[in-house]
Structures are given as structure tokens and as C-alpha cells.
Amino acid sequence: MVSHKIDKKKLWNERLLHHCKTMIQNMQRFSSTILQRYQPGRDFSGFRIFCPPLIEKALAAACSITIFTFFIFFILFVVAAFISSFFFSSHFTYRKTTRPIVFPLKCSAGNLTRSCPGSYPATFDTVDSEGKPAVCPDYFRWIHEDLKPWNATGISRDMVERAKGSAHFRLVIVKGKAYIENYKKSIETRGVFTIWGILQLLRRYPGKLPDLELMFDCDDRPVIKSDDYRGPNATQALPPPLFRYCGDPWTLDVAFPDWSFWGWPEINMKPWGNVLKDLKEGSSKTKWMEKEPYAYWKGNPLVAETRRDLLTCNVSDGQDWNARIFVQDWMLEAQQGYKQSDVSKQCTHRYKIYIEGWAWSVSEKYILACDSVTLVVKPHYYDFFMRSLQPMHHYWPIKDNDKCRSIKFAVDWGNSHEQQAKLNCLMQGSKNRPSP
């Protein structure tokens with residue numbers, strides 16, 4: 001018998017060499033296919049991967065390393081292809097989009113000089129289209145009250161500069177042109193739309209605005225405390241003039257129309273003129289006598305304790321306070337395209353509740369313009385026109401410390417005196433709306 005001793009090491013190297021050749025052939029076919037796919041029309045059948053001649057032992061060792069390297073490369077290639085496909089499909093999808101200019105100021109879209117044509121009127125006619133002298137709304141008289149602290153002395157440069165610490169921007173108007181100095185970013189686009197409103201004011205009343213300079217704070221609550229400038233504990237003789245969207249009896253901030261009059265894109269709110277038109281159309285769809293005979297409120301209760309207390313007035317199995325309270329989830333609403341937050345579709349109840357949030361609420365004007373009887377929970381803040389509204393004439397007052405009973409009493413009375421409540425509602429709707 002002849003004994004054959006098997007050289008295991010040599011057999012292993014031969015197997016590796018065979019796998020290496022097979023791998024190279026597969027790589028050739030793979031590369032040719034890939035190149036043909038991404039460069040169609042070219043012939044890559046002769047494409048070859050060059051492998052220098054090696055001795056069997058070195059080739060076997062090199063192939064073992066090559067197999068591992070190719071495996072890692074292939075995994076990375078697949079992962080990279082997946083990431084690239086996801087990235088480009090998510091971020092570089094070409095779509096035909098149109099972004100209409102919502103607030104045109106007679107500036108062409110291609111005008112990148114950051115200035116507008118000078119073809120606007122330079123003067124303002126104080127007579128309206130019917131030949132009658134223009135008359136300011138009644139609530140304009142409150143500007144005299146707001147500026148009363150500086151009536152005797154005027155406003156100095158030092159007073160203006162002392163308001164800088166709280167201001168979001170400085171406004172300077174010289175010869176009908178506005179100049180802005182920004183200090184900090186406001187919440188969302190409040191500052192941008194406030195400035196836009198000022199620009200519209202300049203264009204609507206050319207030549208009427210004098211040269212001026214002021215500081216503007218875009219936050220909610222007033223900060224210039226009147227006690228700091230009165231009595232023996234006064235820290236300064238006169239307060240700094242600071243403009244903002246609301247005030248209260250304990251502060252001296254100057255009330256100015258809020259930004260949402262010119263739009264609030266973050267919650268899909270159009271300018272006041274457009275919203276007012278929609279509200280009128282929405283209100284007219286249902287006669288007052290045919291509306292739901294309850295008090296309606298929808299909003300975010302998380303911003304204030306008084307709103308969370310209002311939730312207890314909602315209808316339950318054990319009690320009906322004649323209120324229908326709905327929670328507004330703005331995060332969910334944004335995801336669903338603001339389908340449930342159209343204020344023009346919220347004029348379906350005979351009574352609507354206004355209640356403050358963190359400070360005054362911009363919802364006030366939308367509620368008052370709804371041609372429903374407005375139930376106002378006793379407010380602590382005021383905006384530029386609210387101080388002219390009279391209880392039991394423009395709205396029905398609701399007790400802050402006894403909301404549920406107060407709401408129920410108001411609704412019960414209105415439902416039992418429908419004609420009188422309807423008449424009051426019509427009077428309210430015609431007088432409560434600020435001019436667009």
C-alpha cells in the first residue's frame with residue numbers, strides 16, 4: 001500500500017486561490033454592470049480588474065485579505081447608496097412651487113436693491129371718498145392718556161435710551177422713511193409683521209407722520225411699572241417710553257396694534273382685512289336665532305391658570321353650565337393643515353367667550369367680530385381699542401372668580417330674552433370691529 005500524506009496547508013491555499021479567482025470574475029461582471037447602468041450606450045464588456053502575478057502562497061494570503069476587504073466595501077457601498085437615495089429624495093426633490101406675494105408693496109419680485117419705487121403720493125387728503133372730513137375712531141383718544149406721563153416735559157434722548165434694555169427694535173422715521181435697528185429676535189415673526197404694519201401706515205398716510213424715534217417691545221406683558229416713577233420709592237422722575245401690544249392699570253407701556261393685524265403665518269392667520277371679510281361671510285351663513293344656544297370657546301388652556309379654570313365650566317354628565325369648551329392643540333393643528341382653526345367657521349354659537357391668556361389675547365378681535373354676544377371674562381390687560389368698549393353695551397361681563405355660574409346666567413338670560421339679546425348682538429357687531 002502506498003500512503004499519501006495530505007498537505008492541508010497546500011489544500012487550503014488552493015481553495016483560497018480558487019475563491020479569489022471567482023471573486024475577481026464576479027467583481028468584473030459587477031463593475032461592468034454598474035458602469036453600463038450609469039453610463040448607458042458605452043461598452044464595458046472588455047473591462048478587467050488587474051491582478052499582478054503572485055506566487056501561490058502570497059496570492060492566497062492576499063486573496064484572504066481581499067475577500068474581507070471586499071466584504072466590508074460592499075456593506076459600506078450598500079449603506080452609502082441607501083443614505084444617498086434617502087437624502088436626495090428628501091431634500092433635492094424638484095417641485096414646481098408658487099409662492100404668491102401676499103403683501104405687495106408695488107415692488108417687483110426682481111428688485112433686490114432693498115428699496116421701493118418713489119412713485120407713491122407725497123401728501124394725504126383729509127377728505128374721504130364721499131367728501132366728508134375724515135374722523136378718527138373713538139378709541140384713538142386713549143393715546144393722550146398713554147402719553148400723559150410726558151405731557152409736561154416732553155421726551156428726552158435719555159428717556160428713549162433707557163427703554164432699550166427691553167426693546168426688540170428701534171424705529172426711526174425721517175422724512176417719511178423708516179429705519180430699523182434690531183436688538184433681539186422676537187417671538188416667531190411678531191417683529192417683522194409689526195414693522196410691516198408701520199410701513200403700510202407710512203404709505204397709507206403719506207406726509208402725515210412726523211419725524212420720530214421710539215423703542216418697541218414685542219413680548220406680551222407690560223414691564224414699565226408705574227410705582228417705580230411715583231411716590232417716595234420712585235427710582236426715576238419719568239419713565240422710558242416703551243411701545244408694546246398691551247398695557248394694564250399698573251404699568252405705563254404705550255399700547256400699539258398687535259402684529260396679527262398684518263398676518264400671523266405661524267398659525268395660518270391672514271391680515272385683518274381678509275379675516276374680517278371671512279368672519280362676516282361666516283357669520284351670515286347662520287341667523288342668530290338658529291345658532292347653537294351655548295357659549296363657545298376654543299383655545300390653549302395651558303398658558304394661564306384662568307383658562308384652565310374655564311375648563312371646569314364645560315358640559316359634563318353631572319352639570320351643564322351652558323358652555324362648550326374646546327382645547328386647541330396648535331402642534332396637531334399645524335400637522336393637519338389648520339383645518340380646525342379657521343375662525344370664520346367658529347361663529348356658529350349665540351355666545352362666544354373671550355378670556356385672557358399669558359396677557360391679553362389676539363383672539364379678542366376675532367371673537368368680537370363674530371356677530372355673537374361676546375362674554376368677556378374680567379380682563380386685567382387692555383389693547384389699543386378695548387378701553388373704549390362698554391359692558392352691557394359692547395359685551396357681557398363675566399366674573400373671573402365665578403366663571404361657570406356667571407356664564408350660565410348670561411346664556412340663560414339671553415336665551416329667555418332672544419330678541420333683546422339679538423339686538424344687542426347686532427349693535428355689538430357693528431361697533432366692536434377695529435378698522436381694517
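Guide: A disulfide is a pair of cysteine sulfur atoms within 2.5 Å. The structure above is a predicted model, in which local features need pLDDT of at least 70 and side-chain atom pairs count only at pLDDT 80 or more, while totals for chains, interfaces and linings use all residues. Residues are numbered from 1 along each chain as its sequence is written, and side-chain values use heavy atoms, with hydrogens and water left out.

Visitor: Why is the link between cysteine 313 and cysteine 404 called a disulfide?

Guide: The S to S distance of cysteine 313 and cysteine 404 is 2.1 Å. The limit is 2.5 Å, so the pair counts as a disulfide. By this rule the count comes to 2 disulfides.

Visitor: What makes the disulfide of cysteine 313 and cysteine 404 left-handed or right-handed?

Guide: The torsion about its S-S bond decides: the value is about -90 degrees, so this disulfide is left-handed.

Visitor: Which parts does the pair of cysteine 313 and cysteine 404 tie together?

Guide: Helices (H or I, at least four residues) and strands (E, at least two) are DSSP runs, numbered from the N terminus. Cysteine 313 is in the loop between helix H7 (305-310) and strand E7 (323-327), and cysteine 404 is in helix H10 (residues 403-416), so the tied parts are 91 residues apart in sequence.

Visitor: What can be said of the disulfide of cysteine 347 and cysteine 370?

Guide: Its S to S distance is 1.8 Å, again within the 2.5 Å limit. The torsion is about -115 degrees, so this disulfide is left-handed. Cysteine 347 sits in the loop between helix H8 (330-335) and strand E8 (349-354), and cysteine 370 in the loop between H9 and strand E9 (373-377), so the pair ties together parts 23 residues apart in sequence.

Visitor: Why does cysteine 347 count as buried?

Guide: Buried means under 20% relative accessible area, exposed over 50%, and partly exposed in between (1.4 Å probe, protein chains only). Cysteine 347 has 1% relative accessibility, so it counts as buried. Cysteine 370, at 0%, is buried. Cysteine 246 is also buried, at 0%. Cysteine 136, at 54%, is over the 50% limit and therefore counts as exposed. Of the 436 residues of the chain, 37% count as buried.

Visitor: What makes the phi of lysine 175 worth a remark?

Guide: Phi of lysine 175 is near 55 degrees, a positive value in a residue other than glycine. Lysine 175 lies in the loop between E1 and E2. At 77% relative accessible area, lysine 175 is exposed. Asparagine 322 also has a positive phi, about 65 degrees, without being a glycine. The place of asparagine 322 is in the loop between H7 and E7, and at 9% this residue is buried.

Visitor: How do you know that E1 and strand E2 (residues 177-182) pair?

Guide: Two strands pair if DSSP finds at least two bridges between them. E1 and E2 have 6 bridges, in the antiparallel sense, so they pass. Leucine 171 stands opposite isoleucine 180 in E2. Strand E4 (residues 242-244) and E5 have 2 bridges in the parallel sense, so they pass too.

Visitor: Why are E2 and E5 called edge strands?

Guide: The open sheet has 5 strands in the order E2-E1-E3-E4-E5, with mixed pairing. E2 and E5 each pair on one side only.

Visitor: What makes a set of residues a nonpolar core?

Guide: The members are buried Ala, Val, Leu, Ile, Met, Phe, Trp, Tyr and Cys residues joined through side-chain atoms within 4.5 Å. Of the 52 residues in the largest nonpolar core, Phe216, Trp272, Leu279 and Trp360 touch the most other members. Elements that each supply at least two residues of this core include strand E1 (169-174), helix H5 (190-204) and helix H6 (272-284). H5 gives the largest share, 5 residues. A second, separate core has 21 residues, among them Ile325 and Tyr351.

Visitor: Which residues does leucine 279 touch?

Guide: Contact means heavy atoms within 4.5 Å. Not counting residues up to four places away in sequence, leucine 279 touches Trp272, Val343, Ser344, Cys347, Tyr366, Ala369 and Cys370.
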